[in-house]
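Please look through the sequence and the model below before reading on.

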Amino acid sequence: MPVSVNLSTQQWLQPDIEQQVIAALESNQLLPHWLELEITESLLMRDTDKMIETIRRLRASGIRFIVDDFGIGYSSLSYLKRFPIDQIKIDQSLIRDIPNDSDDMAIAAAIIQMAKSLGLSVVAEGVETPEQLRFLSEQGCHMAQGYYFSSPQPAESCDKFLSGSFPAVGIEPHSP
């Protein structure tokens, strides 16, 4: 199972971020393809060319990249296609009022379709109701996370969760 790590702006802007990531992989005996680094939309806008090169080098080792909190940042869509990323996570503020807010529904659907057309997988953050999950599934969203599935758990619960002792609910592919 992959391990996702949110990187803060301060961490990402460290001059030796690549070496720190590789050292963390080695010290934890984790293969690069099991690591997902989450960065925010606004972080992508800082020193774009350097950011792209750093992501490319780390990604070449097998590390996956996720844009977290997508839909609330300031980046233009033309920038998104330039970045070698694997996945976007739709910010919970765009999921919260589904199915009661037609604007949020339209934005979420558009993000899902855009991401899919760019070959990116999509995660919806903050899913709390079966209606939200149903809508996202119908739109072709790949994954979802939120209180509908589980509340935050202490680290000691991870073994129990990963062993399947917690109920699992996923998004099934939607057939036309």
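Ala-124 stands opposite Ala-144, which belongs to strand S6; helices (H or I, at least four residues) and strands (E, at least two) are here DSSP runs, numbered from the N terminus. The model is a predicted one, in which local features need pLDDT of at least 70 and side-chain atom pairs count only at pLDDT 80 or more, whereas totals for chains, interfaces and linings use all residues. Residues are numbered from 1 along each chain as its sequence is written, and side-chain values use heavy atoms, with hydrogens and water left out.

Strand S5 (residues 121–124) and S6 pair in the parallel sense over 2 bridges, where pairing requires that DSSP finds at least two bridges between two strands. The open sheet to which they belong is formed by 6 strands in the order S1-S2-S3-S4-S5-S6, with parallel pairing. Strand S1 (3–6) and strand S6 (143–144) stand at the edges with a single partner strand each, so one side of each is left without a neighbour in the sheet. H6 packs on this sheet and touches strand S3 (64–70), strand S4 (87–90) and S5, its direction making about 175° with that of S4; axes are lines fitted to C-alpha atoms, for helices over the stretch in contact, and angles run from 0 to 180 degrees between N-to-C directions.

Within strand S5 is Ser-121, which counts as buried at 17% relative accessibility; buried means under 20% relative accessible area, exposed over 50%, and partly exposed in between (1.4 Å probe, protein chains only). Leaving aside neighbours within four places in sequence, Ser-121 is in contact (heavy atoms within 4.5 Å) with Arg-64, Asp-86, Gln-87, Ile-88, His-142 and Met-143. Asp-86, in the loop between helix H5 (77–80) and S4, is likewise buried, with a relative accessible area of 12%. The side chains of Asp-86 and Arg-59 are joined by a polar contact of 2.5 Å, a term for a pair of N or O atoms within 3.5 Å, of which, within protein, one must be able to donate a hydrogen and the other to accept it, residues adjacent in sequence counting only if both atoms are side-chain atoms.

The largest nonpolar core has 41 residues, and Trp-12, Phe-65 and Ile-88 are those with the most contacts inside it; such a core is a set of buried Ala, Val, Leu, Ile, Met, Phe, Trp, Tyr and Cys residues joined through side-chain atoms within 4.5 Å. Helix H6 (residues 102–117) gives the most to this core, with 6 residues.

A search of the whole structure finds 2 aromatic pairs, for which rings of Phe, Tyr and Trp (its six-membered ring) must have centres within 6.5 Å, planes under 30 degrees apart counting as stacked, over 60 as edge-to-face and the rest as tilted. Trp-12 and Phe-65 form an edge-to-face pair, 6.0 Å centre to centre with 85° between the planes. Because Trp-12 lies in helix H1 (residues 9–12) and Phe-65 in strand S3, the pair ties together parts that are 53 residues apart in sequence. Tyr-148 and Phe-149 also form an edge-to-face pair, 5.3 Å centre to centre and 85° between the planes; Tyr-148 counts as partly exposed at 30% relative accessibility, whereas Phe-149 counts as buried at 18%.

In helix H7 (residues 130–139), finally, Gln-132, Leu-133, Phe-135, Leu-136 and Ser-137 are buried, under a cover that includes H6, S5 and S6. Just after H7, Gly-140 takes a positive phi of about 95°.
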